[in-house]
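Please read it with the coordinates open.

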Amino acid sequence: MKIITKLKKALKLFRAGDFQMLFSRVYENIMLLKLQLKLHIKRSLNPNCVILSAVEVIITEKCTLKCKNCANLLQYYSHPQHINIQQVIRDIDLLMEHVDFIHTLSLIGGETLMVKEIPEILSHIQKYKKKYFYLSITTSGTIVPSEQTLSAMRKANVFVSISDYGDKSAKLNMLVAEFKKYKITYFIPKKDWRYIQQVVNDQNRKIEEINRVFQECPTNCNSLLNGKLYLCPFLAHGDSLKIFPVDRRNYIALTDKSITKEDIREWQLRENTPPGCRYCSGNSPDLPLIPTAEQVAQALPYHKFHA
Ligand code: SF4
Ligand code: SF4
């Protein structure tokens with residue numbers, strides 16, 4: 001069925017004479033087929049290999065915007081910092097030591113393009129280019145990076161996701177012009193904002209309700225922060241901000257020398273709800289719509305569980 005739909009779409013592009021788009025679709029599908037084949041062979045040769053669909057490496061808590069409902073919880077940081085570059089590099093090394101393949105590896109913030117060391121990070125990631133398929137960066141269209149960063153992005157074949165927040169994404173057009181000039185692939189996804197990954201302070205939430213929120217959560221993306229791999233950015237930033245009590249069931253510590261690939265595989269497949277989910281609104285597409293990128297003047301107050 002999927003193949004028929006794809007063929008119909010390709011035929012439309014052919015009839016419209018849009019050959020550039022047609023060739024890029026064909027190329028993309030060939031690459032995806034190649035990836036599926038590669039993963040199939042990898043799994044056949046080693047059924048125990050660790051393959052992750054997505055990992056986001058958090059490189060900064062700073063952002064040019066302060067969105068009231070940021071799903072990365074940046075609205076709660078009163079003194080946001082860039083993550084130390086040496087730590088980012090160490091975490092990438094630890095990650096690559098523990099996994100065999102990642103479909104999409106992303107650098108994420110905050111505003112990633114605020115980080116001056118992006119060329120250094122990308123150059124380091126290149127060492128592992130056989131271990132991932134896509135390398136992506138997310139930005140909010142508020143910054144045009146330096147020539148050095150643009151060249152490094154081109155060289156690393158980075159794929160950029162630009163969030164368009166209307167007049168708040170003030171540099172979006174300039175950014176797109178630079179990406180075209182440097183032949184950097186980008187896309188501008190259009191998404192409604194929903195009340196997802198928001199802090200819920202209801203301590204009386206029943207365990208059935210928390211389990212339901214987790215079971216319905218389609219989150220399929222791991223976040224890497226401070227040497228720990230989390231299931232999602234809410235758990236990563238929630239832990240860092242101390243929004244919930246310390247609990248090792250919220251992450252897997254890659255810095256722990258006893259952790260093996262087998263542990264990562266089991267951690268991926270486990271069905272138990274991470275305790276931090278108690279404080280999260282979830283990620284269901286049925287959650288209510290909220291205004292996009294509504295701004296706050298200063299960091300929002302919250303209850304810290306420990307010093
Ligand atoms: S621009 Fe993105 S990362 Fe920055 S505060 Fe808004 S939602 Fe969060
Ligand atoms: S429900 Fe749990 S896994 Fe899903 S986004 Fe919230 S904290 Fe993450």
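## Aspartate 239 and its surroundings

Aspartate 239 counts as buried, because 22 C-beta neighbours lie inside 10 Å of it, and the threshold for that class is 20 or more. The model is a predicted one, and this residue is found in helix 8 of it. Not counting residues up to four places away in sequence, aspartate 239 touches Asn250, Tyr251 and Gly276.

## Helix 8 within the chain

Helix 8 is largely enclosed by the rest of the structure, because seven of its nine residues are buried. The buried residues of this helix are Pro233, Phe234, Leu235, Ala236, His237, Gly238 and Asp239, and what covers them includes strand 1 (51-58), strand 6 (222-225), strand 7 (228-230) and strand 8 (251-253).

Just after helix 8 comes lysine 242, which sits in the loop between helix 8 and strand 8. The phi of lysine 242 is near 65°, a positive value in a residue other than glycine. Lysine 242 counts as partly exposed, since it has 15 C-beta neighbours inside 10 Å.

## The shells around the ligands

Which residues come nearest to ligand 2, out of the 15 around it? They are Cys217, Cys232, Phe234, Cys277 and Cys280. The elements that give two or more residues to this shell are helix 7 (207-215) and helix 8 (233-241). By class, the shell around ligand 2 divides into 10 nonpolar, five polar and no charged residues.

Around ligand 1 the residues are Cys63, Leu65, Lys66, Cys67, Cys70, Asn72, Leu74, Gly109, Gly110, Glu111, Ser140 and Ala293. This shell divides into six nonpolar, four polar and two charged residues.

Two of the residues around ligand 1, Gly109 and Gly110, are joined by a peptide bond that is cis, with omega near 20°. Glycine 110 has its place in the loop between strand 2 and helix 4.

Isoleucine 108 belongs to strand 2 (residues 101-108) and is buried, because 24 other C-beta atoms lie within 10 Å. Leaving aside neighbours within four places in sequence, isoleucine 108 is in contact with Glu56, Val57, Ile58 and Thr138.

How do the helices on either side of helix 4 in number pack against it? The axes of helix 4 (residues 118-125) and helix 5 (residues 147-155) come within 9 Å and cross at roughly 15°, and helix 4 is therefore roughly parallel to helix 5. The crossing is left-handed. In this pairing Ile118, Pro119, Leu122 and Ser123 of helix 4 meet Gln148, Thr149, Ala152 and Met153 of helix 5, so that by class the contact has five nonpolar, three polar and no charged residues.

Helix 3 (residues 85-98) packs with helix 4 at an angle of about 15°, their axes being 11 Å apart, and helix 3 is therefore roughly parallel to helix 4. The crossing of helix 3 and helix 4 is right-handed. Here Ile85, Val88, Ile89 and Ile92 of helix 3 meet Glu120, Ile121, His124 and Ile125 of helix 4, and this contact has six nonpolar, one polar and one charged residues.

Asparagine 157 lies in the loop between helix 5 and strand 4 (159-162). Although asparagine 157 is not a glycine, it has a positive phi of about 55°. With 14 other C-beta atoms within 10 Å, asparagine 157 is partly exposed.

## The chain overall

The secondary structure of the chain comes to nine helices and eight strands, and buried residues make up 32% of its 307 residues. Among contacts between residues at least 6 apart in sequence, 79% join residues at least 24 apart.

Definitions and conventions:
Residues numbered from 1 in each chain as written. Chains lettered and ligands numbered in written order. Predicted model: local features only at pLDDT ≥ 70, side-chain atom pairs only at ≥ 80, totals over all residues. Near = placed C-beta within 6 Å. Helix = DSSP H or I, 4+ residues; strand = E, 2+ residues; numbered from the N terminus. Buried ≥ 20, exposed ≤ 12 C-beta atoms within 10 Å, placed from the backbone. Contact = placed C-beta atoms within 7 Å. Axes fitted to C-alpha atoms, helices over the stretch in contact; angles between N-to-C directions. Parallel < 35°, antiparallel > 145°, perpendicular 65-115°, else oblique. Left-handed = near helix turned anticlockwise from the far one by under 90°.
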